[in-house]
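Please examine the sequence and the model shown here.

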Amino acid sequence: MADIRTVLVCGGAGYIGSHMVRCLAERGLKPIVLDDLSSGHPEAVQGHPLIRASLMDPPALEAAFAAHKVDAVMHFAGKILVGESVNEPALYYENNVTGTMNLLAAMRKADVRRFVFSSTAAVYGMPREERITEDHPLLPVNPYGFTKLHVEHILADYATAYGLHSVCLRYFNASGAHPDGSLGESHSPETHLIPNMLLAILGKAPALKIFGDDYETPDGTCVRDYVHVQDLVSAHLLALQTLQDPGPAASRPYNLGNGQGFSVREVLDAARAVTGKQVPHSMAPRRAGDPPRLVADSRKAAAQLGWKPEYPELERILESAWRWHCQQRY
């Protein structure tokens, strides 16, 4: 990436962003982290330059671009809690949409035209296919999904009008931790299945609640596609490479998933095999809006980005997460 040297990583103190910062540095690139630390962790920045600023502060964003010659931007600084988005939609439209527009305005002023966006499978809503492709209807069922889809529409329009080159990466279930145990997943509150499962085993969280066991799936529990955080990071690097010589401006979406689904009960069984411990759990009613099955078709990312997950096995995902959690001082 000869002419991409400095990458502004918005949300680089968070879960996926911090893994991205590590990856960029290991590839000889210069990451600059921009994070308001509302949910990120300063130690996760790993000593790289940190600009503590909010996407809701346009002067601070402009100052960041003025202070550094930025060649590309990676945007991980979105709010991600589905339930919270239903209860407090204003927070999501302000941060995820208005905040992103502020970031794009600062980029335009600094003439930075390469952008990798952290999107989500929530843009699809209730799946109509066994494996979801990028041309599946885009029908979100919650404000979180709507805000991410709205940004995707903005990026398509900015490509046409302003020559902004962007890639939208639609994650399925991000999971796992860095293989060396130095970086992992820590949210407050924690809403993801795998960390809540492991925290319950460690006695650091209540017994896991399984929301519904009467879905039309083999064992009645929801099926999801879990993708290792390191594989997500490698896809971002490949996306950045495509923006090196991008051709005509466009905004291109890609699914990121392993293409195989595991039920909640299967994840529980795998966690028991990895940790040697039973997962404390109880049953609870279904949650509104939870699809029975959500699995990616990522063939487009494989064909066009050259992406191939290195950690597709559920056990390896769990092993890395367990290693990280066992090292934490809660």
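How many bridges join strand 5 (residues 114–120) to strand 6 (residues 165–171)? Seven bridges join these strands, which run parallel. The model is predicted: local features need pLDDT of at least 70, side-chain atom pairs count only at pLDDT 80 or more, and totals for chains, interfaces and linings use all residues. Residues are numbered from 1 along each chain as its sequence is written, and side-chain values use heavy atoms, with hydrogens and water left out.

Strands here are DSSP runs of E with at least two residues, and helices are runs of H or I with at least four, both numbered from the N terminus. Two strands count as paired if DSSP finds at least two bridges between them. On this basis, seven strands form an open sheet in the order 3-2-1-4-5-6-11, with parallel pairing. Its edges are strand 3 (50–51) and strand 11 (251–256), each of which pairs on one side only. Within the sheet, Thr 120 stands opposite Tyr 171 in strand 6.

Helix 4 (residues 89–110) packs on the sheet and touches strand 1 (6–10), strand 4 (72–75) and strand 5, where contact means heavy atoms within 4.5 Å. The direction of helix 4 makes about 170 degrees with that of strand 5; axes are lines fitted to C-alpha atoms, for helices over the stretch in contact, and angles run from 0 to 180 degrees between N-to-C directions.

The loop between strand 3 and helix 2 (58–67) contains Arg 52. Not counting residues up to four places away in sequence, Arg 52 touches Asp 35, Asp 36 and Leu 37.
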